[in-house]
Amino acid sequence: MVRFFLRIWENFKEYIILVILLITSLFTISFNKSPAVRNVRATAFGSFAVVTSLVSDLTSIAKIKSENRRLREINAELMMQVNRLREFGIQNAELKNLLVLKDSSGYPLIPASVVSKSISASQSTITLNAGKNEGVRPGMPVINDLGLIGIVFNTSDDFSIVRTLKNIDVKIAVKDERTRIDGIMKWNGDELVIINVPKTYDVQPGDRIITSEISSIIPVPLPVGIATGITKVSTGIFNEVRVRPFVDFNRVEHVFILKLVESVEKNNLELNFYNRK
Amino acid sequence: MRAKYYIPILLFFPVLVIQITVIPLIAINGIIPDLIIILLVFYTMRNNQIYGTVLGFIFGFLFDLLTGTLLGSSMLAKTTSGFIAGYFSNENKRENYFKSYNFALIVLLCSVLNSVIISFFSSVDVNTNLVAMIFQLGLLPGFYTSIISLIIIIFYPRRSFS
């Protein structure tokens, strides 16, 4: 019997090892959401990000001059916009007071720089040089001057990993700014799409897409992208809306983390509602 | 003798640093070459199939752990790529396989397989066009990786292959 197994091992050891390792890999995938695995990953990438941040600083020196020029131009444009918006802001505050609406702006921002990027077709992530010590927590949205970049996935003391919108695990409630139609946006491996949009809904190419207030992750409106077209699904009652993001994820260098986590009070309220017998 | 076990793992870390800091700067339309696959194919061809399979597993595990991708997906893809690269580790033909264009073709095969497995695992649903997916997510990064491998292998000293 032993000799039989030894002969099988001798003849097929490459395949046996392959199968064992593939099964281990599949097994590991199922443990991704375990808190213990998350802690190990936070420690691992936190230590490694110390090295990558040094290299990233060196590589970014070459780009500082051109970026400085670009930022000066943006600064001039923004200064003019700010003057206009200041007037709108005063009007807005007065009108909100009149309507007794709650102010949704003014969330604190945590500035951070990208220390590394893992670009892949389906699971793009970036590492930022801000972590638990700066107040970053998983679930916080990450933005820049153009719009939403992604969601914080994991944090160590000084670094955090962000899943960008080009990650199939990120699904966000968004809405059409013009028609106020809500939908769920996700990355399908090729492009951003809003899925399950009823065929009767009015969504046109060129419409601005922003995050929706109904989102449990980002309950404030942040710009996401522009609707570029509608994929007409021949069967069923739903279409898909293709979205071009405002942010070029390959060029992102400096970002802000919106210090905003989902409301425990709101969650408890909603859970109570759903749990009611 | 033991150097053959720990040198590729030690080399993995600086290569990964380059992969996630410098390589995004040469991305073409979001497509980047995979230096880890080149390293994996190189060391697998210098050793044997079991070595390549285990090395792919270790590289995949470290890659997933340190970059925040779905833990297990690169493990699966790189284990398979290491296994396939192992078919080209024949001692008698090794010298021939290490000729630049042959090496680039082997890298292309392994890189396409790696990209397709990762994409297949994470982004396939009922509406996915498989041919388009293999072309866009598999072949394009594969070609880019094999071109980079060509550059590396041309400048590599020939006698160290033996």
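Let's start where the chains meet: 42 residues of chain B and 43 residues of chain A take part in the contact, where contact means heavy atoms within 4.5 Å. A word on the basis. This is a predicted model, where local features need pLDDT of at least 70 and side-chain atom pairs count only at pLDDT 80 or more, while totals for chains, interfaces and linings use all residues. Residues are numbered from 1 along each chain as its sequence is written, chains are lettered from A in the order in which they are written, and side-chain values use heavy atoms, with hydrogens and water left out.

Now the area. About 3700 Å² is buried between chain B and chain A, and carbon and sulfur atoms give 70% of that. Buried area is the accessible area (1.4 Å probe) that two parts lose on being put together, summed over both. B:I20, B:I50 and B:L71 supply 15% of what chain B buries against chain A, more than any other three residues.

What about salt bridges between chain B and chain A? The count is zero. That term needs a side-chain nitrogen of Lys or Arg within 4 Å of a carboxyl oxygen of Asp or Glu.

Which element of chain B gives the largest share of the side that touches chain A? It is α3(B), with 10 residues. Helices here are DSSP runs (H or I, at least four residues), numbered from the N terminus. By class, that side of chain B has 23 nonpolar, 17 polar and two charged residues. Ala, Val, Leu, Ile, Met, Phe, Trp, Tyr, Cys and Pro count as nonpolar, Asp, Glu, Lys and Arg as charged, and the others, Gly among them, as polar.

Methods. Helix = DSSP H or I, 4+ residues; strand = E, 2+ residues; numbered from the N terminus.
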